[in-house]
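Hello,

Here is the structure we talked about. Please have a look before reading my notes below.

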Amino acid sequence: MLVRRGANSRGVATVMEWLGRVAPFPLTLRMRLQMPKTKTVKLDVGVWFNEKSGHIHIAAKDAFISTVSNDPDSKRYHPNLYRKLAQVLKDKASSHP
């Protein structure tokens with residue numbers, strides 16, 4: 001493990017200590033650099049139906065909030081995604097279209 005007791009005031013080893021070079025970066029930066037590259041990202045997502053608007057809302061924690069509509073005149077129109085999300089809501093016994 002890269003963390004050494006007494007490496008600095010927080011107990012975090014620096015890049016200099018890790019690589020033996022002069023570059024004091026916190027361990028968290030090194031961990032990001034060591035993470036494998038992937039095309040897949042996991043999101044913590046909440047989905048709910050708004051009966052007033054008829055839209056299905058999607059909220060990804062710390063990322064975005066958006067809506068999907070089944071109305072062909074709406075910019076948010078996406079019948080395939082709307083149908084799939086509506087089915088998920090129905091299967092989970094939540095309010096659904």
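What covers the buried residues of α3? The cover includes β1, β2 and β3 (64-68). Keep in mind that this is a predicted model.

Helix α3

Start with the helix itself. α3 runs over residues 79-91, which is 13 residues. From first C-alpha to last, α3 reaches 18 Å. That is close to the 18 Å expected at 1.5 Å a residue. The buried residues of α3 are Y82, L85, A86 and L89. Viewed down the helix axis, these buried residues fall within an arc of 105°, so they line one face of α3. The face turned away from that buried side carries R83 and D91, both exposed. After α3 comes A93, with a positive phi near 60°.

Strand β2

Next, look at H57. H57 sits in strand β2. Is H57 buried or exposed? H57 has 15% relative accessibility, and buried means under 20%, so H57 counts as buried. Setting aside neighbours within four places in sequence, H57 is in contact with G46, V47, W48, N50, S66 and T67.

The loop between β1 and β2

Now go to G54. G54 lies in the loop between β1 (45-49) and β2 (56-60). G54 counts as partly exposed because its relative accessibility is 22%. Which residues does G54 contact, leaving aside those within four places in sequence? They are F49 and Y82. G54 and N70 are 16 residues apart along the chain, and their C-alpha atoms are separated by 7.9 Å.

Last stop is L43. L43 is placed in the loop between α2 (27-34) and β1. At 47% relative accessibility, L43 counts as partly exposed. Not counting residues up to four places away in sequence, L43 touches A60 and F64. L43 and A59 are 16 residues apart in sequence. Their C-alpha atoms are 9.6 Å apart in space.

To recap: the buried residues of α3 line one face, and their cover includes β1, β2 and β3. H57 in β2 is buried.

Best wishes

How values were computed: Residues are numbered from 1 along each chain as its sequence is written. This is a predicted model: local features need pLDDT of at least 70, side-chain atom pairs count only at pLDDT 80 or more; totals for chains, interfaces and linings use all residues. Side-chain values use heavy atoms; hydrogens and water are left out. Helices (H or I, at least four residues) and strands (E, at least two) are DSSP runs, numbered from the N terminus. Buried means under 20% relative accessible area, exposed over 50%, partly exposed in between (1.4 Å probe, protein chains only). Contact means heavy atoms within 4.5 Å. The expected span of a helix is 1.5 Å times one less than its number of residues. The arc is that of the directions from the helix axis to the C-beta atoms.
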